[in-house]
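Trainee: Can we go through this one together? I'd like to talk about its rings and its pockets.

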Amino acid sequence: MKIKPSHKRISFAGPSITNREVKYVVDAVKNGWYKTFDKDIKKLEKTVAKYVGVKYALAGFCATHSMHLACLVCGFKKGDEVICTDFSWAATAHVIAYTGAIPVFVDVDPDTWCISPEAIEKAITSKTKGIMIVHSFGIPCDMDAIMKIARKYKLKVIEDAAPALGSLYKGKKVGGIGDVGCISFHGAKIAVGGEGGMFLTNNKEYYKKAILLSNMGRTDRKATFWCDTMGYEYQMANVTAALITAQVERIEELVANKRRIYNQYYKKLKDIKELKLLKEKKGDRANYCYPAVLLKTDKIKRDDLVKKLEKFGIHARNAFPRMSLFPMYKVRFKNPVATQVMKYGFNLPAAANLDEKDVDFVCDVLLRLI
C-alpha cells in the first residue's frame with residue numbers, strides 16, 4: 001500500500017507552550033521594567049542554579065556567548081590548545097578560537113557520539129590548557145574519566161551542555177560537573193526562549209569575571225559608564241527570561257515527553273539491523289533532545305534518506321560534519337568514528353507535539369525507505 005505524506009509537518013524540534021509560559025511573558029511585558037527590569041532574569045538564574053545544583057548562574061543572550069565567557073574565565077589565550085570534540089555545532093570550536101587558543105579536535109565514542117576520554121589523553125601536549133566537551137544530543141559524556149584526566153594534567157573542563165538540560169550523569173545534572181557549564185535555550189532545544197544561554201559554575205571568581213565581561217567591562221568605579229576592561233554585550237532580555245523560567249519549571253515534564261518519543265522509536269527500531277539508535281549508558285539519563293541514529297547500510301545514502309523523509313513531511317536532520325575539516329581549522333587526528341558519523345549519522349524528529357501516531361508514521365516510512 002502506498003504511504004501518503006503526513007497531514008502535518010513532523011518537525012525535528014519544537015516546544016511545548018502552556019498557559020504558564022503565556023502568563024509569565026505577559027507579566028514580564030507589563031511589569032518587567034523600571035525597578036523590576038531584571039526580576040525575571042534573576043528568577044531564572046536562581047531556578048537554573050538550583051535545578052542543576054551549582055552556586056552561580058549567569059543568563060546570557062545565547063549559549064555561544066556563555067561558552068565564550070567560559071573560555072575567557074578559564075584563561076584560554078593565544079598559543080594555548082584546548083582539546084575539543086570533532087563532532088558538534090561550530091560554536092563549540094569557534095568560542096575557543098575567539099580567545100586565540102587552538103581547538104584540537106579528537107574522536108568520539110561510537111555508542112554516544114560524545115568525546116572519547118582515550119582520545120583526549122592521547123592529544124595532550126605541553127600547550128594543552130583545557131577540554132571542551134559536548135553532551136551530544138542530550139546523552140551524557142563519561143565525566144568521571146574526563147575529570148580524572150583533567151585533574152591529572154591540571155586542565156580546565158568546560159561542559160557544552162547546550163542540548164542537555166535535564167540529562168543526568170550517575171545522578172548528577174550535566175552542566176554542573178566541570179569548571180563551567182553552558183546551556184542553550186534556542187528555539188530547537190528542550191526548554192526554549194527563542195534564544196538564550198546560561199553560564200554555570202561553582203567558582204565565585206569565574207562568576208564575578210563573567211558578569212564583568214558580559215556587561216562591556218563596566219564597573220561604574222570612576223563614572224556612571226566607566227569600563228575597567230574590554231567586554232561584551234552578552235546579557236539576556238527580561239521578557240526572554242520569563243519565557244525560559246516557565247520552561248525550566250516544567251523541565252521534568254519536558255524530559256519525560258522527549259523520553260516517551262525516544263522510547264517509542266527504540267521499541268520499533270531497536271531490532272532493525274540497518275539502524276543503530278544511540279542509547280544512554282546504564283546509570284545515566286539522557287534527555288533525548290534529538291534521537292540519534294547511525295545508518296548501517298549502503299543500499300541508500302544517508303543524504304538521500306533524509307531528503308526522501310522530507311517528501312513525506314518528516315523533518316530529519318543530517319549529523320554534524322567534522323569541524324576539523326572546516327577551512328579555518330586544521331586536522332591533527334583522523335578521527336574515524338566522527339568520520340563515520342558524519343557520513344551515516346542522522347537525527348529523527350522529536351518535536352514536543354509529536355504523538356504516538358506521528359512516531360509510528362516516521363518509523364513506517366523509514367523502514368519502507370531502507
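Mentor: Let us begin with one ring, F137, which counts as buried because its relative accessibility is 5%, and please keep in mind that this is a predicted model.

Trainee: OK, and how many aromatic pairs does a search of the whole structure find?

Mentor: The search finds twelve aromatic pairs. In one of them, the ring centres of F137 and F320 are 5.8 Å apart and the planes are at 20 degrees, so this pair is stacked.

Trainee: Where do F137 and F320 lie?

Mentor: F137 is in the loop between β4 (128–134) and α6 (143–153), while F320 is in the loop between β12 (317–318) and α11 (336–344), so the pair ties together parts that are 183 residues apart in sequence.

Trainee: And is F320 buried or exposed?

Mentor: F320 is buried, with a relative accessible area of 17%, and the cut-off for that word is under 20%. Both F137 and F320 also belong to a cluster that ring pairs build together with F12, F87, W113 and Y290. Over the ring of Y290 sits the charged end of R317, 5.2 Å from the ring centre.

Trainee: What about the rings of Y262 and Y266?

Mentor: Their centres are 5.9 Å apart and their planes are at 20 degrees, so Y262 and Y266 are stacked. Both are in helix α9 (residues 251–269), and because they are four residues apart there, about one helical turn separates them.

Trainee: Switching to pockets, what volume does the largest pocket have?

Mentor: The volume of the largest pocket is about 430 Å³. By type, the lining of the largest pocket has 14 nonpolar, six polar and four charged residues.

Trainee: And which element gives the most to the lining of the second largest pocket?

Mentor: That is α7, with four residues, and α2 (39–52) and β1 (56–60) each supply at least two. The volume of the second largest pocket is about 310 Å³, and among the residues closest to its centre are K42, E45 and I211.

How values were computed
Residues numbered from 1 in each chain as written. Predicted model: local features only at pLDDT ≥ 70, side-chain atom pairs only at ≥ 80, totals over all residues. Heavy atoms only, no water. 1 Å grid on protein atoms, 1.4 Å probe; cavity = no way out; pocket = protein on both sides within 12 Å on 5 of 7 lines; lining within 4 Å. Points joined across faces, edges and corners; volume = space filled by probe spheres on them. Nonpolar A, V, L, I, M, F, W, Y, C, P; charged D, E, K, R; others polar. Phe/Tyr/Trp six-rings, centres within 6.5 Å; stacked < 30°, edge-to-face > 60°. Buried < 20%, exposed > 50% of the residue type's maximum accessible area, 1.4 Å probe, protein only. Lys NZ or Arg CZ within 6 Å of the ring centre and 35° of its normal.
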